[in-house]
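Here are my notes on this one, point by point. Have the viewer open while you read.

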Amino acid sequence: MNLSLAWDKEFLEPVLFIGLTLFGLLGYWLTITSEYLKQRFIKKFGEEESKVKWIMFWRYAGFFYFALVPSVVIFTVLPYSPAYYGLSFINIPESLLWSLGLGLVILLMQNKSARKPDNTVQYPQIRINEWTRGLIIKNSFGWIIYLLAYEFIYRGILLFGLIGPFGVWPAIMVNTIIYSLAHIPKGNREAVAAIPFGIILCILTIKTGTIWISVLVHIVLALSNDYFALAASSTMKVKRK
């Protein structure tokens, strides 16, 4: 077998899309697992306040690594418009119907699974005993910002970007493998569940030509998981006034 390491300009797009995804995942993981940064937050804000600010920092770091940096690179290097990566407003009625249907299914499933002890020890990620209305708004906003960026890198850049050079099903497979592996730190259950969930989101993203179903469904999943777990917690409560 005579293999050549010579660079071909056709390699640029798939290498760039996969590289940006891996850069985002690695950069984000190294940032949120940094004990040095965490201790800086605790030192500056105190033990209790840092519990909120540290997790919010996670969400904004996700936006930086999954959306801001990749956007600067791809829109500088490549000639495609945002619509190429699923950032358009076509097929909105279809996207809303799918989002509504899947969202209802997720809520029904989460009502039981999110309340289980193995889930409530992880969620909500903000481990503070007294939740106010302001904290709920802040937590929800953080999730929305993070998941917009998250779906942009996965279903936007990685999926749509690889369909051209690889084809639909190889692009879905690469997407699903990376997506599942990224969930391993959250436990076996989430890593396995990410496989069918990721495939479904990829198919619907391709079907509608946009990332909005993935964004909306993922937001419903994250928020319902947090707030069902919060409702079931024996230590964390919502302050009514």
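1. A term to settle before anything else: buried means under 20% relative accessible area, exposed means over 50%, and partly exposed is what falls in between. Keep in mind too that this is a predicted model.

2. Start with helix H8, residues 188-208. Its buried residues are Glu190, Ala191, Ala194, Phe197, Gly198, Leu201, Cys202, Leu204, Thr205 and Thr208. What sits over them? The cover includes helix H4 (92-113), helix H6 (133-166), helix H7 (168-182) and helix H9 (212-232).

3. The geometry of H8 deserves a look. There is a bend of about 35° at Ala194, with a proline, Pro196, following within four residues. On length, 21 residues at 1.5 Å a residue should span 30 Å, and the end C-alpha atoms of H8 are 30 Å apart, so the two agree. After the helix comes Gly209, with a positive phi near 80°.

4. Salt bridges elsewhere: a search of the whole structure turns up five. One of them joins Arg155 and Glu151, with 2.7 Å between the closest N and O atoms. These two are four residues apart in helix H6, which means about one helical turn separates them. Are they buried or exposed? Both Arg155 and Glu151 are buried.

5. Compare that with Glu48 and Lys51, whose side chains meet in a salt bridge at 3.4 Å, N to O. Both lie in helix H3, three residues apart, about one turn of the helix. Here Glu48 is partly exposed at 39% relative accessibility, and Lys51 is partly exposed at 30%.

6. Back in H6, have a look at Ser140. With a relative accessible area of 14%, Ser140 is buried, because that is under the 20% cut-off. Apart from neighbours within four places in sequence, Ser140 is in contact with Leu223 and Tyr227.

7. Last, the surface. Trp7, Phe11, Leu12, Val15 and Val77 make up a nonpolar patch with about 480 Å² of accessible area together. Val77 lies in helix H3 (residues 47-77) and is partly exposed, at 45% relative accessible area.

Key:
Residues are numbered from 1 along each chain as its sequence is written. This is a predicted model: local features need pLDDT of at least 70, side-chain atom pairs count only at pLDDT 80 or more; totals for chains, interfaces and linings use all residues. Side-chain values use heavy atoms; hydrogens and water are left out. The expected span of a helix is 1.5 Å times one less than its number of residues. The bend at a residue is the angle between axes fitted to the seven residues ending there and the seven starting there. Buried means under 20% relative accessible area, exposed over 50%, partly exposed in between (1.4 Å probe, protein chains only). Contact means heavy atoms within 4.5 Å. Patches are made of residues with over 30% relative accessible area and no salt bridge: like charges are joined within 9 Å, nonpolar side chains (Val, Leu, Ile, Met, Phe, Trp, Tyr) within 5 Å. Accessible areas come from the Shrake-Rupley method with a 1.4 Å probe; for residues, only the protein chains shown count as cover. A salt bridge is a side-chain nitrogen of Lys or Arg within 4 Å of a carboxyl oxygen of Asp or Glu.
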